[in-house]
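Visitor: Could you walk me through this one? I'd like to hear about the contacts between its parts.
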Amino acid sequence: MSIDRSQVDHAAELARLELSDDERERLRGELGQILQAFEALNTLDTEHISPTAQVIPLGNVERDDVAAGSLPQDAVLDNAPRVEDGQIRVPPVLDES
Amino acid sequence: MTTAYRTVIGLETHVQLRTRSKMFCGCAADYANARPNTHVCPVCLGMPGVLPVINREAVDHTIRTGLALNCEIPEYAKFDRKNYAYPDLMKWYQISQYDLPLCVNGHFDVEVNGATTRVGITRVHLEEDTARLTHVTAADGAPASLIDVNRSGAPLMEIVSEPDIQTPAEAMAYGEKLRALLRWIGVSTANMEDGALRIDANISVWPEGEPVGDVKVEVKNMNSFRSLGRALAFEIERQTARRERGQPIEQETRGWDESAGVTRSQRTKEYAHDYRYFPEPDLPPLHVTRQRVDALRAALPRLPDQVAADLINQGAPEADVAELVQDRPLTDYTLAVIEAGASAGEAVTWIVHEFRRALNAQTNKSAAIPIPPAEVASLLALRAKGSVSSTMAGEVLDEMFATGKSASTIVEARGPQISGQDELLAIARQVIQENPQAVQDYRDGKGRAIQYLMGQVMRITRGKANPSAVSTLIRTQLDAME
């Protein structure tokens, strides 16, 4: 399984990564190998196994709707690149949500 | 040659659920008046290594909503990660539900001008709200975006309709009725102005007779039902004009600009919707047992449509009933008034018009209605007997609100209604003499003239005259004059 440069570029764009040409080429190879490893799963016989989204034998883990404490504001803002008016300040982004 | 067009509209409604804590952590969900970034913990801040835990009440609220919208509740549901890069997401993914939502295949009937449209409900699913961004000029003069994480992780429910809506009026009716339903079953405040209810629309216009295609325009940023109606009307006009000119409709997201009254393209990159959903590995799937669904169904209140149908069957006018069931506390109150002996028709009409006016004049609107329902029933009975006129009943009610006294005490204190023939006759004659124009109008066949003259008699008697006696008297006098 190999992937091409445009697929690497697409993944990099989605992850907001800027890659040099060398990195793109190296990742193209590495990602191809990872996909190849997953290809091995296709050799397994899964005909009698029902599909699942979860591999641990757990279900219905829920909590009661009880409010507990939160962090102090300065702790919340501790890792912020910049702070303004008690908020995290980032470079302007266009609203595309 | 003019071509006819048909409009296809589907709505996506986001609803903030009424819970004490957030969706996946114990931060208080009541952040509306909190300082920024004070309802935040490592989970909703997206710190490495934290684990989300599902809020049971949020799941129950979603199932309640699904049941109220006639949905099926599948036995298995799961959460998924929806990945996108935007600073309103702390984790760069939102926990949502992709292919196994909590509720599917429902329907919701909406009425416009007496015609009912059944709108299919594709699904109702549960997710987490995002942080709030504000775009500002910062203190140093540079443009910046500020992030308040308080809203991040608040439980958010999304209701997706089928594209069964054809007009802006239907879309508005759907929104208004949905808001009333969400409040009725207690799952949300559903206040649009607080962002607790947000409606996005998918809309496309097609030539009549041609098949409906896949292309649609998503319209966002409508902050009221009125904006929703205006934005859709604008889109119908814009898309129809493009069709007329032979131009294609482009699949895009457009934002409604309230002040300009137009939608504008929000140019997004082509891969913006590459969300790469995958099952949330930190949350085990939900097995929604039938016992759980049955218990939630049994605990649901009777729904507005059912209560409305009952009241209409008992003789209440449809328009007043539709108005009443927007408000559950007032509906419950009205039912108690009827229970105490009032007729459904009288109680509904009088409460929607007169009682609500007096209630809204109260300063403390959040408090429970201070007058026992039986007292309103007894006031309505006095009115029905003719012991108080309609005008006087309103005044008596105001006094009941102000003093807490009973209807009969107030009516007695005000003195009996004037129904003595001689006294009324004198007043009726005086009024007729002073209003020659109204007399002429009556002769010209204007029925309203009688209402006017009655009003004059009521004014002079300060509402204490028996209305049917006055009406008869005036007619007799006028007819005798001819």
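**Between the chains and between the domains**

Guide: Happy to. In this predicted model, strand S3 (residues 87–90) of chain A and S9(B) run antiparallel, joined by 3 bridges.

Visitor: Nice. Which residue stands opposite B:Leu146 in S9(B)?

Guide: That is A:Arg89. The side chain of A:Arg89 also meets that of B:Asp140 in a salt bridge, at 3.1 Å from N to O.

Visitor: How many salt bridges are there between chain B and chain A?

Guide: The count is 4. There are also 26 residue pairs in polar contact between chain B and chain A, both residues at pLDDT 80 or more.

Visitor: And which element gives the largest share of the side of chain B that touches chain A?

Guide: S9(B) does, with 6 residues. That side of chain B divides into 34 nonpolar, 12 polar and 15 charged residues.

Visitor: How much area is buried between the two chains?

Guide: About 4,200 Å², with carbon and sulfur atoms giving 52% of it. In contact terms, 61 residues of chain B touch 39 residues of chain A.

Visitor: Switching topic: what domains does chain B have?

Guide: The assignment gives domain 1 (5–292), domain 2 (321–413) and domain 3 (421–481).

Visitor: How much do domain 2 and domain 3 of chain B bury between them?

Guide: About 360 Å², 58% of it on carbon and sulfur atoms. On the domain 2 side, B:Gly386, B:Ser389 and B:Met392 lose the most area to domain 3 of chain B, together 71% of what that side buries.

Terms used:
Residues numbered from 1 in each chain as written. Chains lettered and ligands numbered in written order. Predicted model: local features only at pLDDT ≥ 70, side-chain atom pairs only at ≥ 80, totals over all residues. Heavy atoms only, no water. Domains from an automatic or database assignment. Buried area = accessible area lost by both parts, 1.4 Å probe. Contact = heavy atoms within 4.5 Å. Polar contact = N/O pair within 3.5 Å; in protein donor to acceptor, adjacent residues only side chain to side chain. Helix = DSSP H or I, 4+ residues; strand = E, 2+ residues; numbered from the N terminus. Nonpolar A, V, L, I, M, F, W, Y, C, P; charged D, E, K, R; others polar. Pairing = 2+ DSSP bridges.
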